[in-house]
Amino acid sequence: MSATSPTVYRSLWFWMRGHRLRYGAAVLALLLSVYFSFQVPLVIADVIDAIFREGAADREPSRFVKLLLRVVGSDGLRRHLWLPGLLMVGLMLVAGGFSYLRGLWIAQASESIIRAMRERIYDHLQHLPVAFHAAADTGDLVQRSTSDVETVRNFLGGQVTELGRGIIMLIVLIPIMLTINWVMTLYALSLTPLIILASLFFFSRIKAAFKEQDEAEAAMTTVLQENLTGIRVVRAFARQEHEIAKFQGKNAAYRDLQYRVVCLMAWYWPSSDLMCLAQTGFVLVVGARFVQHDALSVGQLFFYMACLGMLLWGPLRNMGRVLVDMGKAQVAIGRIEEILREPRESGPARPMALPTEMRGEIEFDRVSFAYQDGQPVLHEVSFRVEPGQTFAILGPTGSGKSTLVSLLLRFHDPAAGAIRIDGVDIGQAERKAVRARIGVVLQEPFLYSKTLRDNIRFGHSEAPRERIEAAAIAACVHDNILDFEKGYETEIGERGVTLSGGQRQRVALARAIVKDPPILILDDALSAVDTHTERLILRALADRHGRKTTILIAHRLSTLMHADRILVLDHGRVIQTGSHAELVNQEGLYRRLWSIQTSLQQDLAGDPPAPAAEARAALAQAEAPTHV
Amino acid sequence: MSETVFREEEFNKRLDPRLWWRILQFARPYRPLVGGLMTIALLVGLTESLYNLLVKRVIDGLVEFGPDAPLFSYALQYAAITITLVVCVFIFIRFAGKLSAFISHDIRRAGFARLQELSFSFYDHRPVGWLMARMTSDCERLSSVLAWGLLDLTWGTAFMSAIAVILFYLNWKLALIVFTVVPVLAWISLHFQRVILRSSRLVRKINSRLTGSFNEGISAVRTTKTLVREEGSLREFASLAGEMRRASIRNAVQSALYFPLVITIGSAGAGLAIWFGGRDVLAGVISLGTLVAFVSYSRDFFMPVQELARLFTNLQMAQASAERIIGLVDTEPEIRDSAEVRTSIARAGAQPPVAGRAIDGLPDRIETIEFRGVSFAYNVRKPMGADDASAGEREVIKVHPVLDDFNFQVQAGQTIALVGPTGGGKSTIISLLCRFYEPTAGEILINGIDYRRRSLHWLQSNLGIVLQSPHLFSGTIRENIAYGRLEASDEEIVRAAQLVNAHEFIMAMPGGYGAQVGEGGVNLSTGQKQLISFARAILADPQVFVMDEATSSIDTETERLIQAGIERVLSNRTSFVIAHRLSTIRRADCILVIEKGRIAEQGTHEQLLAARGHYHDLYTHQFTREAEEQVLADPLLA
């Protein structure tokens, strides 16, 4: 249908590898089941002609009836009329058996292909670079992985069979009909192209009406959803009447469009019925005329009528719809292939191994990076974290703190410079090997919709119960977990409980602690945790067994001030480094932050009833318009 | 998989006639349509059964008269039947489609109107997605079962009966013999329809889990990478995909088994006709045409039987939808005007309006608001799964007190700041004040009268409420501000926007006040949405202003505009604010520190600071946070 279709079919053919034989067998079964199912009306026709109209028509009976006649003779057959009856049931059973096999094989083949396709997409998505995911729309990706796959599934499992059945029926039926009477056959099939074309035309046309109906439904759903999510606003302004009127407009519009689609259908189905019935009526009358001229027997007339019924009301009338739907499968497979063509995260051809026992030394050596060309985020950042250090990074929003973490995790690769862990350039190592050695907690951590225990265990899949609980205790979340009715077995997410921001952060921290990595990174990971708990957590981290390197990123000074070394980052450049004591004695951002806290404490410690004058002044300065 | 997933799969449940009678009430306004539909369906069934009879007549004619058979007359009869049938099909599709579309529309209308009245306690444990599903897919399923089911029922019954009458008329003995296949056919159809529907539901369920799995896999991609869990996730996904494959194959195999079986039974009927009918033909008891008619009819049985079996199963399946919808439409709102209030509204409405009087005849002006011994507890219900059938009847498993003997009085014009830890009960106080909930003990008095003795509509239309996450409706900025007062003029809208400092950014947008805010306000920043929601509240010019200040960080410039906006909104107006900003807190006439459902401290900023209690801690913490954020937001200027 489009210029791309050959490649689309080629890629479908590719997906079918390993199942092609099964498809072939299914086609054979389909052929046989069609063949045997047409034998039944043939038997009836023969019985009519051979038994009841003996002598009226002089013709060769069909294969199976001939067999029967050879065994019992025509008199025997007349006495044992249950024989042809049984033959019919037998033939139908054989046809049904083949039809069952066809269904089984097609289902096995198509479902296996689809399963492979789903797994391939899932795996591929997981291995696409973070940059791809940052740019992509989640909803669109999900749609491609689900409804597009479903469209391909319908194609492989349903439409292919449906189309094949129509074609095979014609292939089997036409020779049988032709051997009976070729003129009659022409009459019998004269309208079929028209029936197919009409449905093709109609279903491609009605798409627009369906689209409008879907859009109207979407508009109505939007109003409904906005009303439900904003129900407090509706009540707050007592706007119920207004909302009802608004919904009613969309509701009625949807109803009317729905009815319009039905009205279009009401034109199509009867006219399609009319054509099919006309075709049958044609055969009946013309056939009767042939019978009158002894060009056709009564049995044969019956056969034509019966076969036409099987053909017309079955696959032929749906062929147009199937063909139109097949166009959708082409689009769908194209969209799926688009994802699969995206390159995965690359790795070096000959990766360098990282030591199994890590010391946890990190070195940034003149690292520069930009997400987009011309907008550099990091300029020649260099620093060194000694093994076992607690290293803090401080800086305004957008200064590049989180980018440092992304580079360390090899979510992105630096444009220039190198990052070394224990002396090994991580650009030369496997990405997974690097990540396996780093535990990270993000500000808005993702928890999986599983039990709390499973979520923590994700840090280390073989972690025993004690280790999980020890990690939860260190992350100050153990008691919260026990407060839930099911404790560690509590499901989180849609089907379970919703955790608060602080709880999520602490569960994610427990997950990172269980992993027991040589390097632990907390990227503003305690922002929703209160100061007291935060202090407990930091102490627990400092005391953690065999403690290795810890990197802290935070906005709160209280979080950072106890670190061994603090790095101040601004606009992608290192502007200050040193310990708390050193930085407090230097002019700069760090000291300004420190002075807020100290001045407030001094003021509040002073004469309480009087407004803390200097603190007020500091605050006034903070509140004052900063951009003019 | 949890137990709830399978709850809908109850098949042994009997059809509940009372429920379906209630559902049928929705078809009441369309009685002529229903009558027409059933008549037409009847006609279709009868007409369709005539075809085989005509074929019989043709064959008999050919056998009997040979070349003299009146072919032209047969053709005319055929054409007459066909035209009747085609016209009837045209009409019944329209009728059934109309009935289905209109009934689902009516159910949605009733459901939506009821949703506008229901109390918040109803919403607490029903996620929006759950409610949406009731109003969309459940309505659709129910109305289509109703309309098309009615059609199938009438058509199927008519078709079957017509065949029966014709066959018995032609030869009742043979008819009895051939009819023996019908019970078998019916039983097999019913059984398979159930099995197939059940397995296709399972496929749909697994499919929605697959979608969830993709969704999670994509949103969690960074976390998965940091945990190096790609293989583990894939393994889990693969087992789900395998489950899907098995369920889909089972579903397909069931269908692959059903159709051959049904057709075989049909041909067994034809076989019986040949066997017994053939003898009769040979004996000259029946004509050849009659035999052919018997053979053809016995193959036609399976259609109506199959449709009726499907209808019956569908009804059972749709019963769950029906229960949920009726559960929604028939739920009585917990909070509404009492009979007494309704009487006084009616009485006041009958008289000419008096200045200074509200719709319930009592004074319109709010002088004092008093919480007297107010306690409150939320009913905690079990969390709801997406598939739960009747959420309404779920038992309350525990009661969780939020407010305990809360006493407080406000005079007109005062600003009250509520501060304290999350979960302490601040939001509950506001929800009670707005009468979104009612106290479980104690009373809330307005001008000394329990607010349950005042009109709900009067109270809520005199409150201006700004919530933490500002909710906007898709539409223009103008429409969103005008939500505060629908009849407001353009000038008034602009004045409201100017008052809260929103005018400038609105004018800077392409389209100005006519700019589209997008679904849920996606085209605007959080701060801009807050400004719009202030303008909306100010336009309503409420007597009492209620605000839940947002905690999310906003850029410095907008933050400054918002603070100035809040100040103007609050000045000289009775206000309750859940406050997070120091500027708002310090300006309040009275600060209430709420902890564990009680007032922990109460007083002005200076008094509370001097007391060195909870407020002192909150203040220093908040102060440090705001100042640090300020410095980090703009390090060079600080």
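Into which domains is chain A divided? In this predicted model, chain A comprises domain 1 (13-171), domain 2 (362-587) and domain 3 (588-628).

**View 1. The contact between domain 2 and domain 3 of chain A.** Domain 2 of chain A contributes eleven residues to this contact, and domain 3 of chain A contributes seven residues. On the side of domain 2 of chain A that touches domain 3 of chain A, strand S9 (565-570), strand S10 (573-578) and helix H20 (580-584) of chain A each supply at least two residues. S9(A) gives the most to that side, with three residues. By type, the residues on this side of domain 2 of chain A are seven nonpolar, two polar and two charged.

**View 2. The contact between chain A and chain B.** Here 126 residues of chain A are in contact with 132 residues of chain B. With 27 residues, helix H10 (residues 240-292) of chain A gives the most to the side of chain A that touches chain B. The residues of that side of chain A comprise 71 nonpolar, 34 polar and 21 charged.

**View 3. Helix H16 of chain B and its surroundings.** The buried residues of helix H16 (residues 490-499) of chain B are Ile493(B), Val494(B), Ala496(B) and Ala497(B). Seen down the axis of H16(B), these buried residues fall within an arc of 160 degrees, so they line one face of the helix. In an α-helix, residues three or four places apart point the same way, because there are 3.6 residues a turn. The cover over the buried residues of H16(B) includes helix H15 (477-482), helix H17 (503-508) and helix H18 (526-539) of chain B. Following H16(B) is Asn501(B), which has a positive phi, near 65 degrees.

Note on methods:
Residues numbered from 1 in each chain as written. Chains lettered and ligands numbered in written order. Predicted model: local features only at pLDDT ≥ 70, side-chain atom pairs only at ≥ 80, totals over all residues. Domains from an automatic or database assignment. Contact = placed C-beta atoms within 7 Å. Helix = DSSP H or I, 4+ residues; strand = E, 2+ residues; numbered from the N terminus. Nonpolar A, V, L, I, M, F, W, Y, C, P; charged D, E, K, R; others polar. Buried ≥ 20, exposed ≤ 12 C-beta atoms within 10 Å, placed from the backbone. Arc of directions from axis to C-beta.
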